[in-house]
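Subject: Structure handover

Hello,

Here is the structure I said I would pass on. My notes on what was found in it follow below.

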Amino acid sequence: QVQLVESGGGLVQPGGSLRLSCAASGTGSIISIYDMGWYRQSPGKQRELVATITSGGNTNYVDSVKGRFTISRDNAKSTVYLQMNSLKPEDTGVYYCNADLQTLWSSRSSNWGQGTQVTVSS
């Protein structure tokens, strides 16, 4: 069974930086990982897309993070990263990793991590 394990969240002051990581475990059963991405859910709001990256490295960002966040991936490690700079209080939320992948045991499907809390506050 494939699991997505996130790390790197925490408390940071406005203007600070954090780097989130999300690694797929159980990689022996993975045939292909397609799009990977990060979503966030702030209190009282719906989960929203933050950034995505295709297997070929094409990226997409929500307007509010353009120029501040960078998504990248290491296909050899089945890992996706989110470098977050110039953080603002409105970036606060639970950040979820998502991967569109296919395994030996299942057809192509969307998979989610458990979430990691990011809090931007002075």
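Arg 68 forms a salt bridge with Asp 91, and their closest N and O atoms are 2.8 Å apart; a salt bridge here is a side-chain nitrogen of Lys or Arg within 4 Å of a carboxyl oxygen of Asp or Glu. Arg 68 is in the loop between β6 (59–61) and β7, whereas Asp 91 is in the loop between β8 and β9, so the pair ties together parts that are 23 residues apart in sequence. Strands are DSSP runs (E, at least two residues), numbered from the N terminus. Both Arg 68 and Asp 91 are buried, where buried means under 20% relative accessible area, exposed over 50% and partly exposed in between (1.4 Å probe, protein chains only). Salt bridges with shared partners join Arg 40, Glu 48, Arg 68 and Asp 91 into one network.

Before the rest, a note on the source: this is a predicted model, in which local features need pLDDT of at least 70 and side-chain atom pairs count only at pLDDT 80 or more, while totals for chains, interfaces and linings use all residues. Residues are numbered from 1 along each chain as its sequence is written, and side-chain values use heavy atoms, with hydrogens and water left out.

The structure holds five salt bridges. One of them is between Arg 40 and Asp 91, at 3.0 Å from N to O. This pair links distant parts of the chain, with Arg 40 in strand β4 and Asp 91 in the loop between β8 and β9, 51 residues apart. Arg 40 is buried at 4% relative accessible area, and Asp 91 is buried at 1%. Another salt bridge joins Lys 66 and Asp 63 (2.9 Å, N to O). Here Lys 66 is partly exposed at 48% and Asp 63 is exposed at 62%.

Next, strands β7 and β8. Strand β7 (residues 69–74) has Phe 69, Ile 71 and Arg 73 on its covered face, and Thr 70, Ser 72 and Asp 74 on the uncovered one. It runs antiparallel to strand β8 (residues 79–84), joined by six bridges; strands pair if DSSP finds at least two bridges between them. Arg 73 stands opposite Val 80 in β8. The hairpin has four residues between the strands, and Ser 78 takes a positive phi near 50 degrees.

Last, Trp 105 is found in the loop between β9 (93–103) and β10 and counts as exposed at 70% relative accessibility.

Regards
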